[in-house]
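Please open the structure in your viewer and keep the selection panel at hand. The stops below say what to select and what is there.

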Amino acid sequence: MAIKKKIGFDIVIYDSFEEMQEGDRMLLKKSVEARNNAYAPYSKFQVGAALKLENGEIVIGNNQENASYPSGLCAERVAVFYAGAKFPNVAIKTLAISVQSKNSEVLEPAAPCGNCRQSLFEYEHRQKSPIRILMMGAQGKVVECPSVAAILPLGFDKTYL
Ligand code: THU
């Protein structure tokens, strides 16, 4: 008999950055610094990512665009690949993402794109512990998600191979 199963998760929405704990505020600030250095001359949409690792290290990334558009890379993947290269065996605790656009004011926090979710999911699966995600727009409001798996339901991992 077929069964129906609901999959979902709770998010936490902070009205303001100031409501967050110091460590999270600091990580979001790092993501803002990173986004200011994004190389996004084509989309004008700048994304910064900052990862807090279990050993206390912070690894940042930002989007890197290219005249051949698909050759660019999102901020989250730049950050997670950098972390994987530099600290291959250190778990990632939290990912902070912030966005801004030179074309308009982005008030809503933006979630990682599908490709980034899949890439992040690999690392979460590898370390066997959740990566918490904090997302922020140009300023203020922050959305917290408990894990990558939460935002990538029915994700594909190496157990299928
Ligand atoms: N972008 C990211 O860096 N992360 C995402 O999750 C979504 C999109 C970048 C890619 C491109 O440089 C610009 O934002 C517009 O799509």
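Begin by selecting S119: buried or exposed? S119 is buried, because its relative accessible area is 16% (buried means under 20% relative accessible area, exposed over 50% and partly exposed in between, with a 1.4 Å probe and protein chains only). S119 sits in helix α3, where helices (H or I, at least four residues) and strands (E, at least two) are DSSP runs numbered from the N terminus. Apart from its neighbours within four places in sequence, S119 is in contact with R77 and F81, contact meaning heavy atoms within 4.5 Å.

Before going on, note that this is a predicted model, in which local features need pLDDT of at least 70 and side-chain atom pairs count only at pLDDT 80 or more, while totals for chains, interfaces and linings use all residues. Residues are numbered from 1 along each chain as its sequence is written, and side-chain values use heavy atoms, with hydrogens and water left out.

Stay in helix α3, which spans residues 114-127, and select C116. C116 counts as buried, because its relative accessibility is 0%. When its neighbours within four places in sequence are left aside, C116 is in contact with C74, E76 and R77.

UniProt positions are given in the numbering used here, with shortened feature names, and annotations may be inferred rather than shown by experiment.

Look at C74 by itself: it lies in the loop between β3 (58-62) and α2 (75-86). C74 is partly exposed, because its relative accessible area is 24%. Beyond its neighbours within four places in sequence, C74 is in contact with N62, N63, C113 and C116.

Next, select the ligand. Which residues are around the ligand? They are S43, F45, V47, N63, E65, C74, A75, E76, P112 and C113, each with a heavy atom within 4 Å of it. An N or O atom in the side chain of E65 is 2.5 Å from an oxygen atom of the ligand, and one in the side chain of E76 is 2.8 Å from a ligand nitrogen atom. For C113, a backbone N or O atom lies 2.9 Å from an oxygen atom of the ligand. The ligand taken alone exposes 370 Å², and the protein buries 74% of that, with accessible areas from the Shrake-Rupley method and a 1.4 Å probe.

Go on to E76, which the unreviewed UniProt entry covers with the annotation "active site". E76 lies in helix α2 and is buried, with a relative accessible area of 5%. Leaving aside neighbours within four places in sequence, the contacts of E76 include V47, A49, L95 and C116.

Finish at A49, in strand β2 (residues 45-53). A49 counts as buried, because its relative accessibility is 0%.

Note on methods
Polar contact = N/O pair within 3.5 Å; in protein donor to acceptor, adjacent residues only side chain to side chain.
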